[in-house]
Amino acid sequence: MSTGEDWAGSGPRPPTRPALRWDGPLGLRWIVERTNSWLSNYGQLRRNTDRWPEHRLAQLALAVTLIITIKLIDHRNRWQPQ
């Protein structure tokens, strides 16, 4: 098959991509997955029953504000042992 008989294109065969390898630590969640998990804790964000997009954006902004505030409160004394 090195002659390209199975290739339907007219010209040289396109190069193949090397296999992707993940060298990162296993068991860690992707940022998007973690954020979606945090946001799914707010029931109104799981069910889209809003008529107006502005209401949906306001609920999303409120949920993100609460999540960030809670994370900041949890990490405020992380450098001072208790």
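What share of the 82 residues in the protein is buried? The answer is 6%. Keep in mind as you look around that this is a predicted model.

**Overall make-up**

The protein holds three helices and zero strands, and from the N terminus on its elements follow the order α-α-α. Its accessible surface amounts to about 8200 Å², and carbon and sulfur atoms account for 59% of that area.

**A walk along α3**

Helix α3 covers residues 53-74. The helix has 22 residues, and the distance from its first C-alpha to its last is 32 Å, close to the 32 Å expected at 1.5 Å a residue. Seen down the axis of α3, its buried residues fall within an arc of 70°, so they line one face of the helix. Those buried residues are Gln59, Ala63 and Ile67. An α-helix has 3.6 residues a turn, so residues three or four places apart point the same way.

What do the buried residues of α3 pack against? Their partners are α1 (31-39) and α2 (43-46).

| Side of α3 | Residues |
|---|---|
| Buried | Gln59, Ala63, Ile67 |
| Exposed, on the face turned away from the buried side | Pro53, Glu54, Leu57, Leu62, Leu72 |

Leu57 counts as exposed because its relative accessible area is 56%, and exposed means over 50%.

How values were computed: Residues numbered from 1 in each chain as written. Predicted model: local features only at pLDDT ≥ 70, side-chain atom pairs only at ≥ 80, totals over all residues. Heavy atoms only, no water. Helix = DSSP H or I, 4+ residues; strand = E, 2+ residues; numbered from the N terminus. Buried < 20%, exposed > 50% of the residue type's maximum accessible area, 1.4 Å probe, protein only. Areas by Shrake-Rupley, 256 points an atom, 1.4 Å probe, with all protein chains shown as cover. Expected span 1.5 Å × (residues − 1). Arc of directions from axis to C-beta. Contact = heavy atoms within 4.5 Å.
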